Amino acid sequence: MLTAVVSCAKEMALLALMEKTGYNMVQENGQRKYGGPPPGWEGPAPPRGCEVFVGKIPRDMFEDELVPLFEKAGKIYEFRLMMEFSGENRGYAFVMYTNREAAQRAIQMLDNCEVRPGKFIGVCVSLDNCRLFIGSIPKDKKKEEIMEEMKKVTDGVVDVIVYPSSMDKSRNRGFAFVEYESHKAAAMARRTLIPGTFQLWGHSIQVDWAEPEKDVDEEVMQRVRVLYVRNLMMDTTEETLHREFSSFKPGSVERVKKLTDYAFIHYRSRSDAIAALTLMNGAQIDGATVEVTLAKPAGIKDGSPRPQTPVHLYSRAPPPNTCSPLQPSPDPERFMFPLLPCTPLTPISLLALKQSQIGSAVSLLEYHCHKNCWSPPEYHLYSTPGQDGKLLLIYKVHTHTHRHILHSSLSLCVCVYVCVSTYIPDKLCVLLDDAKELAAQTTLWNLGNVSLTPQSAGTRRPCWATDMEPPDWLGNLRHKQEGNGNIRY
């Protein structure tokens, strides 16, 4: 009886909302659509970047409460709440605004907003994905051949992105990214190319969604003075890059950071960076044709929910004038102090630490995961024999990140809230600790947290065993997320 009363009250509240706003509401295919378009709307739907994803919604919260909350950020074009057969919501929704500015305001205002006592929602940008990752393709195939083959077996192909091997520019890396005209076309292609049932050139292939590129605020990008350079030769040095990228104006380059076959060029002024971008994109350096773009700044807010339950550590509060360092060190932050009797120990959240207090990439990655409310990273150890008979080691890292992909076509919606990403270094190590530290550094670079380098925080330089490309069984694990150029400095 009580359930019927509550259900009736909710229906009355929804009817009152529709009467007040003039929006229509219809439920179909597991989602309830409010608006789309709103009353009096003329013209096409809002462009890409106007929609946000909302997660961790209480299951008994509906449009009568959510719409007024999200209207605070701007005019809503469409609100889509995912529904269960039971009548509860599925814990997430998509809100499309009439412009990008309103969507950004919603993220800033409502991410981690407490909508019920102890209940916090997460809000982040939502983007359709039109790109597929295709792995295990023959390394001797050119872009034109791959494009031709993909057009034969799938519809709507608009582009193919292929990266040359860092060791032999005449060969590809064994994978490609295929761009489609719409998400619907990409979804249909993915269904056609199901692994195990489809082959290209006699090879079984791997197919998955490419990692969607995150939009960066245009105002932020207007201040960027760092270039991202890819497709470099492995033996190209930072000195060569410094010379080439400052040739048009000596002294314009502040510093260069090269990692395997890509690099970041920091300029003293944005105008010099833009000039170099125009001059150097497509230039030849050590026999390789390089691609140059503006680098995306680290630390851009991606709407990931912040943690609700902190992990507690213990910090030591030494009495004044009683502590002396046990070991001399040029860095006062790396001193050790005696733990005196009756020293008070206070619980402290890991997130309360300064990033400068974390001295290894392994610890920094754990901190980064806690900060973003992700599961701890998983390390998987692999080995291969070296040329001199030594056993060489490498770790593969899995991170479980809170992300989402919206696929909306023909009233179909698929949401993946927890995304498992895989990262693997491009070098093998002799020592186990070096292999783990390098894997953590590689993961941090790809996640956008690059404040820790192999030489920083007092760590020794890892003992790289070889600069050769990893064995074939590692090939596709490294590059699944490179198609969007979203590597950050």
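Modeller: Happy to. On the surface, Asp-140, Glu-144, Glu-145 and Glu-148 gather in a patch of negative charge. A patch is made of residues with over 30% relative accessible area and no salt bridge, where like charges are joined within 9 Å and nonpolar side chains (Val, Leu, Ile, Met, Phe, Trp, Tyr) within 5 Å. Lys and Arg count as positive, Asp and Glu as negative, while His and the chain ends are not counted. The place of each charge is taken as NZ of Lys, CZ of Arg, CG of Asp or CD of Glu. Accessible areas come from the Shrake-Rupley method with a 1.4 Å probe, and for residues only the protein chains shown count as cover.

Please keep in mind that this is a predicted model, in which local features need pLDDT of at least 70 and side-chain atom pairs count only at pLDDT 80 or more, whereas totals for chains, interfaces and linings use all residues. Residues are numbered from 1 along each chain as its sequence is written, and side-chain values use heavy atoms, with hydrogens and water left out.

Helices (H or I, at least four residues) and strands (E, at least two) are DSSP runs, numbered from the N terminus. Glu-144 has a relative accessible area of 57%, so it counts as exposed. The cut-offs are under 20% for buried and over 50% for exposed, with partly exposed in between (1.4 Å probe, protein chains only).

Now for the charges that pair up. Side chains of opposite charge can pair when their charged atoms come close. A salt bridge here is a side-chain nitrogen of Lys or Arg within 4 Å of a carboxyl oxygen of Asp or Glu, and by this rule the count comes to 16. One of them joins Arg-116 and Asp-60, at 2.9 Å from N to O. This pair links distant parts of the chain: Arg-116 is in strand E6 (residues 114-116), and Asp-60, 56 residues apart from it, is in the loop between strand E3 (51-55) and helix H2 (63-70). Arg-116 is partly exposed, with a relative accessible area of 22%, and Asp-60 is partly exposed as well, at 44%.

Another salt bridge joins Glu-28 to Lys-33, where the closest N and O atoms are 4.0 Å apart. Glu-28 has a relative accessible area of 29%, so it is partly exposed. Arg-80 forms a salt bridge with Glu-78, the closest N and O atoms being 3.3 Å apart, and both Arg-80 and Glu-78 are buried. Through shared partners, salt bridges join Glu-28, Lys-33, Glu-51, Glu-78 and Arg-80 into one network.

What about a buried charge with no salt bridge? Lys-396, in strand E24 (residues 391-402), is such a case: the nearest side chain of opposite charge, Glu-378, is 9.2 Å away. The side chain of Lys-396 does make a polar contact with the side chain of Tyr-382, at 2.9 Å. A polar contact is a pair of N or O atoms within 3.5 Å; within protein, one must be able to donate a hydrogen and the other to accept it, and residues adjacent in sequence count only if both atoms are side-chain atoms.

Arg-131, found in strand E9 (residues 131-135), is buried because its relative accessible area is 17%. Its side chain makes a polar contact with the side chain of Glu-179, at 2.5 Å.

Finally, a word on the backbone. Most residues other than glycine have a negative phi, and most peptide bonds are trans. Asp-286, which is not a glycine, has a positive phi of about 55°; this residue lies in the loop between strand E18 (284-285) and strand E19 (288-289). At 44% relative accessible area, Asp-286 is partly exposed. Asn-231 also has a positive phi, of about 70°, and is found in the loop between strand E15 (226-230) and helix H7 (238-245). With a relative accessible area of 9%, Asn-231 is buried. As for the peptide bonds, a cis one joins Gly-36 and Pro-37, with omega about 5°, and Pro-37 is in the loop between strand E2 (31-35) and E3.
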